[in-house]
Amino acid sequence: MSLLDTRVPAVLLRTDRNPFHHGTLGAVRSLGRAGVEVHVVADSAGSPVHRSRFVRRMHPPPPPGASPGEISAVLRCVAERIGRPAVLIPMDDATAIASARMREKLAPSYLLPPLPGELAERVADKAELAAVCASADIPHPVTLVPDSPAEAADAATRLGLPMVAKWSRPWLLPTGSDLRSTVLVHSVRQARELHARTEEAGSRLLLQAYLPPGEDRDWFFHGYADRSGTVRAGGPGRKQLSWPRGAGLTAVGCWTPNPQVQALAERLTDELGYRGVLDLDFRRCGTTGRYHLLDFNPRPGAQFRLFADSAGLDVVRALHLDLTGRSLPDGTPLAGRAFVVENYAPLAALRPAPGGRELAWYARDDRVPGWAMWALWCRHVSRRLRERLGAKKTASAPLLIPRAASPALTDNEKASN
């Protein structure tokens, strides 16, 4: 008999078009294995997720950058197809913010945690997060929000180089843009140029003091704050390998007890009155030893399945249990358990794992998504290599001036020739 109420389906929602979002597949498997009917509102074009045997149905998603109204319209259509209330699980920041805003409008078709509508947006906004940390006395890198290119240049003097540049609301970055949510700034000129693109980015540029990475410095915390505010499921984890290296997503992570990180996460949740799933990123300062909060994501992190305890509880199952009025089992943390994203860390996926390990894509009871991922990944890598080789050939080719580029002749000049 399943711990979860299998009469209540789950709807996973994502507007991000990244086909390699393994967190969505993790949520599909976690709920599907427990007998829950899983619907996915996300782009299925080329994505391995729709190949999972645990997906009941894929639904067309709202477009990237969709307004809350557009997202609500899509969810209403999905609710009509399902025909009964479902637990709604946003899988990216944009949909988490929109869902929190529209919680009352989405009821009773969807079950969501009792989170104040503006709180998800406040913690996800990287500029607002600095103020949140200050009010809760949570260590946070020194952060400046310049109002002009000149102030951005001045920040280099105040913070030192290199420094970190972030767009406060990365979910607003235009699709296909070369703008990245986070970059390392090495010069005053680079800081000025980034600020000049503020309008294009759709949100404020913030500049932060750089905390260098290092062994045992990158940490994360996943948890679920239930209706009483108690943080359940999840735990602290150590990032052993990131992609891209030093500043990217977790390619290899390990469930590692850390009372300091745990205490910071629980204190922040309590101060804010936060309810629901949370994913926090920390970096330990090599000089002071203090853990600084870098990001607060109001939804499941991609590696949440690392924290499946002895009772099989993870943050997604905790959410479903809590919203359907069921009690959460008391499992034992499985310290030492590893999580590996195979396409980013293939060698780590082959090494022995004495503490246990979960792979992001491969699963014995759901093999097809893993095969589909490798086929898609090979095409992706091949395309990137061709693009780079093409760029190098273009750069090394002799400069030729096409005939069409020559100045046009006037009628008098034509006549004289």
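Helix 10 has an outward side with the exposed residues Pro259, Asp270 and Glu271, turned away from its buried side. Buried means under 20% relative accessible area, exposed over 50%, and partly exposed in between (1.4 Å probe, protein chains only). Helices (H or I, at least four residues) and strands (E, at least two) are DSSP runs, numbered from the N terminus. This is a predicted model, in which local features need pLDDT of at least 70, side-chain atom pairs count only at pLDDT 80 or more, and totals for chains, interfaces and linings use all residues. Residues are numbered from 1 along each chain as its sequence is written, and side-chain values use heavy atoms, with hydrogens and water left out.

Helix 10 covers residues 259–272. Its 14 residues reach 20 Å from first C-alpha to last, close to the 20 Å expected at 1.5 Å a residue. The expected span is 1.5 Å times one less than the number of residues. The buried residues of helix 10 are Val261, Leu264, Ala265, Leu268, Thr269 and Leu272. They cover an arc of only 125° around the axis, which puts them on the same side of helix 10. The arc is that of the directions from the helix axis to the C-beta atoms. These buried residues pack against helix 5 (119–124), helix 6 (126–136), strand 10 (218–225), strand 11 (231–243), strand 13 and strand 14. Contact means heavy atoms within 4.5 Å.

## Helix 2

Helix 2 spans residues 68–82. At 1.5 Å a residue, its 15 residues should span 21 Å, and its end C-alpha atoms are 21 Å apart, which agrees. Buried here are Ile71, Ser72, Val74, Leu75, Val78, Ala79 and Ile82. Seen down the axis of helix 2, they fall within an arc of 165°, so they line one face of the helix. An α-helix has 3.6 residues a turn, so residues three or four places apart point the same way. Gly83 follows helix 2, with a positive phi near 85°.

## Two nonpolar cores

A nonpolar core is a set of buried Ala, Val, Leu, Ile, Met, Phe, Trp, Tyr and Cys residues joined through side-chain atoms within 4.5 Å. The largest one holds 51 residues. Leu12, Val28, Leu31 and Ile89 touch the most other members. Helix 11 (residues 315–323) gives the most to this core, with six residues. A second, separate core of 28 residues includes Val132, Cys133, Tyr291 and Leu293.

Look at Ile89 in detail. Not counting residues up to four places away in sequence, Ile89 touches Ala10, Val11, Leu12, Leu13, Leu31, Pro300, Val316 and Leu319.

## Salt bridges

How many salt bridges does a search of the whole structure find? The search gives 22. A salt bridge is a side-chain nitrogen of Lys or Arg within 4 Å of a carboxyl oxygen of Asp or Glu.

Arg29 pairs with Asp366, their closest N and O atoms 2.8 Å apart. Arg29 lies in helix 1 and Asp366 in the loop between strand 16 (357–359) and helix 12 (368–396), so the pair ties together parts 337 residues apart in sequence. Arg29 counts as buried at 4% relative accessibility. Asp366 is buried too, at 3%. Asp93 and Arg299 also meet in a salt bridge (3.0 Å, N to O). Asp93 lies in helix 3 (residues 93–101) and Arg299 in the loop between strand 14 (291–297) and helix 11, so this pair links parts 206 residues apart in sequence. Both Asp93 and Arg299 are buried. Arg305 and Asp314 form a salt bridge at 2.7 Å, N to O. Salt bridges that share partners join Arg101, Glu121, Asp125 and Arg169 into one network.

## A buried charge without a partner

Asp281 sits in strand 13 (residues 276–284). Asp281 is buried yet has no salt bridge. The nearest side chain of opposite charge, Lys239, is 5.0 Å away. Lys and Arg count as positive and Asp and Glu as negative; His and the chain ends are not counted.

## Backbone exceptions

Most residues other than glycine have a negative phi, and most peptide bonds are trans. The bond from Ala107 to Pro108 is cis, with omega near 0°. The bond from Leu161 to Pro162 is cis as well, with omega near -5°. Asp137, not a glycine, has a positive phi near 60°. Asp137 lies in the loop between helix 6 and strand 6 (143–144). Ala233 has a positive phi of about 55° and is found in strand 11.
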